[in-house]
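Here is a short briefing on one protein chain. Look over its sequence and structure, then read the points below.

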Amino acid sequence: MANNNQNKRGRSMSVEEAGRKGGEATSNNHDRDFYEEIGRKGGEASSGSGNNGNNGSNGKMSREEAGRKGGEASRRGSNN
(Lines give C-alpha, C1' and ligand atoms only; values in the text may rest on other atoms or scores of the structure.)
Protein backbone atom coordinates (compact mmCIF):
# COMPACT_ATOMS: atom_id res chain seq x y z
CA MET A 1 0.00 0.00 0.00
CA ALA A 2 2.98 2.32 -0.03
CA ASN A 3 2.34 3.37 -3.64
CA ASN A 4 -1.42 3.92 -3.49
CA ASN A 5 -1.05 7.60 -4.38
CA GLN A 6 0.34 6.84 -7.83
CA ASN A 7 -1.71 5.98 -10.88
CA LYS A 8 -0.85 3.54 -13.67
CA ARG A 9 1.69 5.89 -15.27
CA GLY A 10 3.74 6.22 -12.09
CA ARG A 11 2.82 9.83 -11.35
CA SER A 12 1.02 11.18 -8.30
CA MET A 13 -2.73 11.60 -8.55
CA SER A 14 -3.96 15.19 -8.88
CA VAL A 15 -6.35 16.66 -6.35
CA GLU A 16 -8.98 16.87 -9.08
CA GLU A 17 -8.57 13.20 -9.97
CA ALA A 18 -8.66 12.14 -6.31
CA GLY A 19 -11.85 14.12 -5.75
CA ARG A 20 -13.48 12.64 -8.82
CA LYS A 21 -12.59 9.09 -7.81
CA GLY A 22 -13.78 9.68 -4.25
CA GLY A 23 -17.05 11.13 -5.49
CA GLU A 24 -17.61 8.17 -7.77
CA ALA A 25 -16.92 5.73 -4.95
CA THR A 26 -19.33 7.54 -2.64
CA SER A 27 -21.95 7.61 -5.38
CA ASN A 28 -21.59 3.86 -5.88
CA ASN A 29 -21.94 3.18 -2.15
CA HIS A 30 -24.96 5.39 -1.38
CA ASP A 31 -28.46 5.82 -2.76
CA ARG A 32 -30.63 8.87 -3.38
CA ASP A 33 -31.98 8.85 0.20
CA PHE A 34 -28.44 9.39 1.53
CA TYR A 35 -27.94 12.52 -0.57
CA GLU A 36 -31.40 13.85 0.32
CA GLU A 37 -30.65 13.42 4.02
CA ILE A 38 -27.27 15.16 3.95
CA GLY A 39 -28.74 17.95 1.83
CA ARG A 40 -31.54 18.44 4.34
CA LYS A 41 -29.08 18.52 7.24
CA GLY A 42 -26.91 21.05 5.42
CA GLY A 43 -29.88 23.23 4.66
CA GLU A 44 -30.96 23.19 8.29
CA ALA A 45 -27.48 24.08 9.46
CA SER A 46 -27.10 27.01 7.06
CA SER A 47 -30.55 28.59 7.12
CA GLY A 48 -32.26 30.77 9.67
CA SER A 49 -29.44 31.08 12.19
CA GLY A 50 -30.22 34.79 12.59
CA ASN A 51 -26.65 35.83 13.34
CA ASN A 52 -25.47 36.73 9.82
CA GLY A 53 -22.79 34.02 9.87
CA ASN A 54 -21.00 35.39 12.92
CA ASN A 55 -19.66 33.13 15.60
CA GLY A 56 -22.44 33.32 18.16
CA SER A 57 -23.64 31.07 20.90
CA ASN A 58 -24.12 28.18 18.46
CA GLY A 59 -20.34 27.64 18.22
CA LYS A 60 -20.22 27.93 14.43
CA MET A 61 -17.42 29.72 12.65
CA SER A 62 -18.20 32.83 10.57
CA ARG A 63 -17.79 32.70 6.80
CA GLU A 64 -14.92 35.16 7.01
CA GLU A 65 -13.11 33.03 9.58
CA ALA A 66 -13.65 29.88 7.50
CA GLY A 67 -12.28 31.60 4.40
CA ARG A 68 -9.24 32.88 6.25
CA LYS A 69 -8.47 29.44 7.68
CA GLY A 70 -8.98 27.80 4.29
CA GLY A 71 -6.64 30.28 2.65
CA GLU A 72 -4.00 29.64 5.29
CA ALA A 73 -4.30 25.88 4.76
CA SER A 74 -3.98 26.34 0.99
CA ARG A 75 -0.82 28.41 1.34
CA ARG A 76 0.74 25.87 3.69
CA GLY A 77 -0.01 22.99 1.35
CA SER A 78 1.35 24.54 -1.86
CA ASN A 79 5.02 23.65 -1.92
CA ASN A 80 5.35 23.33 -5.71
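A residue counts as buried if its relative accessible area is under 20%, as exposed if it is over 50%, and as partly exposed in between (1.4 Å probe, protein chains only). Of the 80 residues in the chain, buried ones make up 5%. The model is predicted, so local features need pLDDT of at least 70 and side-chain atom pairs count only at pLDDT 80 or more, while totals for chains, interfaces and linings use all residues. Residues are numbered from 1 along each chain as its sequence is written, and side-chain values use heavy atoms, with hydrogens and water left out.

**Fold and surface**
- The chain has three helices and zero strands, where helices (H or I, at least four residues) and strands (E, at least two) are DSSP runs numbered from the N terminus.
- Read from the N terminus, the order of elements is α-α-α.
- Carbon and sulfur atoms account for 47% of the accessible surface of about 7,000 Å², as given by the Shrake-Rupley method with a 1.4 Å probe.

**Glu65**
- Glu65 lies in helix H3, which covers residues 63-77.
- With a relative accessible area of 27%, Glu65 is partly exposed.
- Its side chain makes a polar contact with the side chain of Arg68 at 2.6 Å; such a contact is a pair of N or O atoms within 3.5 Å, and within protein one must be able to donate a hydrogen and the other to accept it, with residues adjacent in sequence counting only if both atoms are side-chain atoms.

**Aromatic pair**
- The structure holds one aromatic pair.
- The ring centres of Phe34 and Tyr35 are 5.1 Å apart and their planes stand at 80°, so the pair is edge-to-face.
- Rings of Phe, Tyr and Trp (its six-membered ring) pair if their centres lie within 6.5 Å; planes under 30 degrees apart count as stacked, over 60 as edge-to-face and the rest as tilted.
- Phe34 is partly exposed at 28% relative accessible area, and Tyr35 is partly exposed at 37%.
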